[in-house]
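Have it open while you read.

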Amino acid sequence: MSLITWQEFSRKSEIKLLPLHEQKKQFLWENQRRTEENWFLEAQLMNGGGGGGGFAGNASDGPLNGATVTTDIGTTTTDTLGNFTFTQTPTSEITVTGGTDSITGVAFTGELKGFPQYKTVSPLTTLAYHLKEEDATLTADTAVDLLFASSSTLFGIELQVADKDIMLNKDYVAESILADNQAAVAAQSIATYLESVTEMVGSAVKGADSTNFTTNSAKVQGYKSIARQIQSTRGAKTEIEVEGLFDLVQRPDGQSFTRGVTGSLDTSARRTIKSSLNNVREQLGELSRSELYNANYLTTQIQAVNRGVKEDYA
């Protein structure tokens, strides 16, 4: 798909009544959208669409390039689209670390966890994994089902059980860009929200206690604290309570992280992080429900949110 010139874009009837600065902003977004679509198509041709093998998976925050994938049957590396293969199917959890988001260009920190019954390793499967670790009565499937059933409350974004295949067995970023799939936009929005929560919480945790936490381990504790909060809620699930997540973070010795710790975790700092995440949640919720733009355009906006959070809290 060729890029559009300003002369061509300015003739579009739907932008005629917009202020000039808004027209220019949408012009830039439109060409970014076209660039991303071209990149996906070229990358699929170069990588053979994800290749065969006994088990073919995908690691996605955005598509993670050069990430290390570790399983009980060996280790491999992802391609530019986040695809990876093994000659046989793993029998336990899949762990993804490192790499760079191919869309945002930002290095990935922390780790993603997945299950061998699903092709996609993502922030949602990561939360499901930690939820299962916190509640022995849950299986991989029931942990995922719980998150789908509670998605509107937990994340402010509706996930339909009928769309599980898009979130769990397909590259939902590619589905958005190449197939104009609105359900895939919701999947991206939730992935970005979870990464935003864990990025901000992890950054504050490491900033307050760099002796006990690295950037990666602090972010992992962000996921664990969300799982602990969900597990402690009986009956109907409630919205993630950001300020309370810090009280559920644990040091390597098992002690509560906030015990005796002040500074960056005082009430004011917690409220600042909560306010920032509320803005992210609201923005992503609006994008996931938007019917004004196609899924490709919305992907550009979601990934801009993703990039912004990770650059600010790296």
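**Notes on helix packing and ring pairs**

1. Helix H3 (residues 123-134) and helix H4 (residues 140-149) pack at about 120°, with axes 9 Å apart. Helices here are DSSP runs (H or I, at least four residues), and strands are E runs of at least two. Axes are fitted to C-alpha atoms over the stretch in contact, with angles from 0 to 180 degrees between N-to-C directions.

2. This is a predicted model: local features need pLDDT of at least 70, side-chain atom pairs count only at pLDDT 80 or more, and totals for chains, interfaces and linings use all residues. Residues are numbered from 1 along each chain as its sequence is written, and side-chain values use heavy atoms, leaving out hydrogens and water.

3. Who meets whom? On the H3 side, Leu124, Leu127, Ala128, Leu131 and Lys132 touch Ala140, Ala143, Val144, Leu146, Leu147 and Phe148 of H4 (contact: heavy atoms within 4.5 Å).

4. Now the rings, which pair if their centres lie within 6.5 Å (planes under 30 degrees apart are stacked, over 60 edge-to-face, the rest tilted). That rule gives six aromatic pairs. Phe55 and Phe84 have ring centres 6.2 Å apart and planes at 40°, so this pair is tilted. Phe55 sits in strand S1 (residues 55-59) and Phe84 in strand S5 (residues 83-86), so the pair ties together parts 29 residues apart in sequence.

5. Ring pairs also link Phe55, Phe84 and Phe86 into a cluster.
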